[in-house]
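Colleague: Could you walk me through this model, starting with how the chains meet and then going on to the helices?

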Amino acid sequence: MSAARIAWAVLRRDLLIELRGREALLAMGFYALLVIVIFSFAFSADADLTLRAGGSLLWVAILFAAMVALDRAFLRESAEATLSGLQTTPASGAAILAGKFGSSFLLICAVEAVLLPLFAVLFNAPAHTRWGGIILTALLGTWALAANGTYFSALSLHSRQRGLLLPLLLLPVAIPAILAMVQATQVFLGGPGVANYWCRLLIGYDIIYTALGLGLADLVLEVE
Amino acid sequence: MSKTFQANLLGAGTLALLLAALYWALYGAPTEATMGTIQRIFYYHVPAAAASWTALAINALASLAYLATRSRKADALAVAGAEVGLAFLTIVLITGPIWARPVWGVWWVWDPRLTLTLAMWVMYASYLILRQLTPEGGSQPRLAAVLAVFFAADIPIDYMSIRWWRGQHPAPVLFGGPDSGLAPRMLAALLLSMTAFLALMAVLVAMRYRQELLRDRITGLRQRRMLAAEN
């Protein structure tokens, strides 16, 4: 099988399991919803706050949800030791990782699809908000989180403190991406600045870390 | 000459350099005209930054070397570089605000260089946490090396992103354009301090590196004794 077909098979299998069980999806969605709701109380959200910090609040909520999804990307494998099954097939590490990346990416996007309208309502997004730009930023930003996150999810499999390690590794590397997502979203909400730069930075980040992750995939999925 | 003696000699030399640098920083260099005495922290702040960058470069190169050769020595050097680099970054992050408060009026600003330093500190702390949380030996060196490569790739992107964000840190004083430059005695103090800090960094990295390899030997000896006891 070609690498693309292996990746597709892994992606399809993960999404099927997710759609039949709906465990992570529900938990993630509800978690993100809770964060947004709590934020709107904690910050007494009004239109003024949204203009100043809406992007940051939205992305922190997405970040929390993404962490749950990414943590599960490889957790599912360890329950029945299915990862070693995958590793014994001639599939390359890059193909497996690409499949995992795809399923995590789509899961996080699904949560965002629920979260964005909710955010718009609870935070009174201004009427002139450029939603097209925000959706583009969300796609690029989610790509960045999923690319690095899938890799670190596989990496933290080896650790004694799996769930704890993932955010500890992902957040430092994601600093420029998070900065870019927040800034771009802020501009699209009507804040000052040029969104163009931030989107380009995200595209560059996505390219670099997708390439790095796929290139070094075998190192992290290597069998002892 | 025994290895211990050599190490002691190097240590003593570094200590002498550090004391000389301290003297020059406090008495040798003239007091800066606008900032006053507080500017003298410059002779510790900048050299610490140089030492941290050098140690972290050692970490990046050793990590690449580990991925290429899988040699235990490269891994030991990578740990040493990261630990010493993080220690010097901490010095930079402590001396920076002490200097900023009287001069800029605030402890901290989200300036590119400050933010980058903080981001790097966070990264290498997380690198050491990974080493702490994964079982020794086995896959640990490989995972740590991969992470070091990810982090090294992140530094230029970080710098770019933060520079677009905002800026307040002064331009580099050396090689920074026509208006930059230091009084000769200030330059002497800086260069002396720079040498001393780099020497200290090298001694610490070498000690830590040797310690890692010695630890391997002790573990090996213990295992051999346990095996012998069983038979």
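**Where the chains meet**

Modeller: The contact takes 30 residues from chain B and 30 residues from chain A, and please keep in mind throughout that this is a predicted model.

Colleague: And how much area do chain B and chain A bury between them?

Modeller: Between them, chain B and chain A bury about 2800 Å², and 74% of that lies on carbon and sulfur atoms. The size of an interface is often given in this way, as the accessible area lost when the parts come together.

Colleague: How many salt bridges are there between chain B and chain A?

Modeller: The count between chain B and chain A is zero, although the structure holds nine salt bridges over all chains.

Colleague: OK, then which residue does Asp75(B) meet in a salt bridge?

Modeller: The side chain of Asp75(B) meets that of Arg72(B), with a distance of 2.9 Å from N to O. Side chains of opposite charge can pair when their charged atoms come close.

Colleague: Where do those two residues lie?

Modeller: Both Asp75(B) and Arg72(B) lie in helix α3 of chain B, which covers residues 72-104, and they are three residues apart, or about one turn of the helix.

Colleague: While we're on chain B, how many helices and strands does it have?

Modeller: Chain B has six helices and zero strands, so reading from the N terminus on, its elements run α-α-α-α-α-α. Along the principal axes, the C-alpha atoms of chain B fill a box of roughly 75 × 45 × 25 Å.

Colleague: Let's switch to chain A. At what angle do α2(A) and α3(A) pack?

Modeller: Helix α2 (residues 23-42) and helix α3 (residues 47-79) of chain A pack at an angle of about 160°, with their axes 9 Å apart. Angles over 145 degrees count as roughly antiparallel, and α2(A) and α3(A) are therefore roughly antiparallel to each other.

Colleague: Which residues meet there?

Modeller: Among those in α2(A) are Met28(A), Tyr31(A), Val35(A) and Phe39(A), and they belong to a contact whose α3(A) side includes Leu57(A), Phe64(A), Val68(A) and Arg72(A). By class, this contact of α2(A) with α3(A) has 15 nonpolar, no polar and two charged residues.

Colleague: What about α1(A) and α5(A), how do their axes cross?

Modeller: The axes of helix α1 (residues 3-21) and helix α5 (residues 93-122) of chain A come within 7 Å and cross at roughly 40°, and the two helices are therefore oblique to each other. The crossing of α1(A) past α5(A) is right-handed. Its contact includes Ile6(A), Val10(A) and Asp14(A) of α1(A), and Gly99(A), Gly102(A) and Leu106(A) of α5(A). Sorted by class, the contact of α1(A) with α5(A) has 11 nonpolar, three polar and four charged residues.

Colleague: And α5(A) with α6(A), are they antiparallel or oblique?

Modeller: The axes of α5(A) and helix α6 (residues 131-156) of chain A come within 8 Å and cross at roughly 140°, and α5(A) and α6(A) are therefore oblique to each other. Their crossing is right-handed.

Colleague: Which residues make that one up?

Modeller: On the α5(A) side they include Phe101(A), Phe105(A), Cys109(A) and Phe119(A), while on the α6(A) side they include Trp131(A), Leu139(A), Trp143(A) and Tyr151(A). By class, the contact of α5(A) with α6(A) has 18 nonpolar, three polar and two charged residues.

Notes: Residues are numbered from 1 along each chain as its sequence is written. Chains are lettered from A and ligands numbered from 1 in the order in which they are written. This is a predicted model: local features need pLDDT of at least 70, side-chain atom pairs count only at pLDDT 80 or more; totals for chains, interfaces and linings use all residues. Side-chain values use heavy atoms; hydrogens and water are left out. Axes are lines fitted to C-alpha atoms, for helices over the stretch in contact, and angles run from 0 to 180 degrees between N-to-C directions. Helices (H or I, at least four residues) and strands (E, at least two) are DSSP runs, numbered from the N terminus. Angles under 35 degrees count as roughly parallel, over 145 as roughly antiparallel, 65 to 115 as roughly perpendicular and the rest as oblique. A crossing is left-handed if the near helix is turned anticlockwise from the far one by less than a right angle, and right-handed if clockwise. Contact means heavy atoms within 4.5 Å. Ala, Val, Leu, Ile, Met, Phe, Trp, Tyr, Cys and Pro count as nonpolar, Asp, Glu, Lys and Arg as charged, and the others, Gly among them, as polar. Buried area is the accessible area (1.4 Å probe) that two parts lose on being put together, summed over both. A salt bridge is a side-chain nitrogen of Lys or Arg within 4 Å of a carboxyl oxygen of Asp or Glu.
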